[in-house]
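Hello,

Here is the structure I promised to pass on to you. Have a look at it first, and then read my notes below.

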Amino acid sequence: MIKKIDVLDNGFVQYIGHLGSDISVCDAARVSFNKVSIPNEDGSLSVKDQKLIEYLAKHNHWTPFSHPQITLRVKAPIPIRTQLFKSKVGFSENEISRRYCKDIPEYYTPKWRSSPTDGAKQGSSDFMKNTTQQEQRYRDVCDDAIEIYQELLDHGVAPEQARFVLPQGMYTEWIWTGSLAAYARVCKLRLDTHAQWEVQQFSKAISEIIRPLFPVSWAALIEES
């Protein structure tokens, strides 16, 4: 079992807990016939159950995959959090709040990529070279914003207002609980090569953590779909 995967410069995806297994998916499907699955003596899925899971995934019978639950803790830049939070169905999240926290925030320093080509309105092209000056300017702005944030707090300004000065590149953290089906939808969407590079890295980490927990289901939902 993978406990934690570092992502980007200061982010991570951390396993907290999970409920259910591949057998749970099979049992949820077989209850329609008032039947239960019988695993092999070593606890592994029978060939019959493996084929059942593959059938369910292939034909988009997603409800059996909604019963297993996974809880993760994620630390990511705010824009990446926003992209991930667009997937609402099957998820609950609780996030660190700058209304209460006064610790010094961290920010993400990107590996800069060039603008999209061929008239595309979003996305990016290849990683750029010789961006030392741009990186330093970015760091200067972020450091200044954090310094002003701290000055506002020291002056007695309410944290819920002082946070307005913080940069978009700031890291945030949240506890994220969702069904197996919900995480599969996120990963299928965000592992696509057209997704933003940073969100792809988080999706890869999520996939690496979930795959060993539900190996047959995850392969059917993600790797072989």
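Two strands are said to pair if DSSP finds at least two bridges between them. Helices (H or I, at least four residues) and strands (E, at least two) are DSSP runs, numbered from the N terminus. Please keep in mind that this is a predicted model, in which local features need pLDDT of at least 70 and side-chain atom pairs count only at pLDDT 80 or more, while totals for chains, interfaces and linings use all residues. Residues are numbered from 1 along each chain as its sequence is written, and side-chain values use heavy atoms, with hydrogens and water left out.

Let me begin with the strands. Strand β5 (residues 171-179) pairs with strand β3 (residues 69-77) in the antiparallel sense over nine bridges, and Thr71 stands opposite Thr177 in β5. Strand β4 (residues 91-95) also pairs with β5 in the antiparallel sense, over five bridges; there Glu93 has Trp176 as its bridge partner. Seven of the nine residues of β5 are buried (under 20% relative accessible area; exposed is over 50% and partly exposed in between, with a 1.4 Å probe and protein chains only), so β5 is largely enclosed by the rest of the structure.

Next, the interior. A nonpolar core here is a set of buried Ala, Val, Leu, Ile, Met, Phe, Trp, Tyr and Cys residues joined through side-chain atoms within 4.5 Å. The largest one has 45 residues, and Val13, Phe65, Trp176, Leu180 and Tyr183 have the most contacts inside it. Helix α6 (residues 180-190) gives this core its largest share, seven residues. A second, separate core has 10 residues, including Cys142, Tyr149, Leu153 and Leu166. As for α6, eight of its 11 residues are buried, so this helix is largely enclosed by the rest of the structure; among the buried ones are Leu180, Tyr183 and Arg190.

Two other helices meet as well. The axes of helix α3 (residues 78-85) and helix α7 (residues 197-210) come within 10 Å and cross at roughly 65°. Those axes are lines fitted to C-alpha atoms over the stretch in contact (heavy atoms within 4.5 Å), with angles from 0 to 180 degrees between N-to-C directions. Ile80, Gln83 and Leu84 in α3 meet Glu198, Val199 and Phe202 in α7.

Finally, how many disulfides (pairs of cysteine sulfur atoms within 2.5 Å) are there? The count comes to zero. The sulfur of Cys142 is 19 Å from the closest cysteine sulfur, in Cys101, which is too far for a bond. Cys142 is buried, at 2% relative accessibility.

Best wishes

Key. Disulfide = S-S within 2.5 Å.
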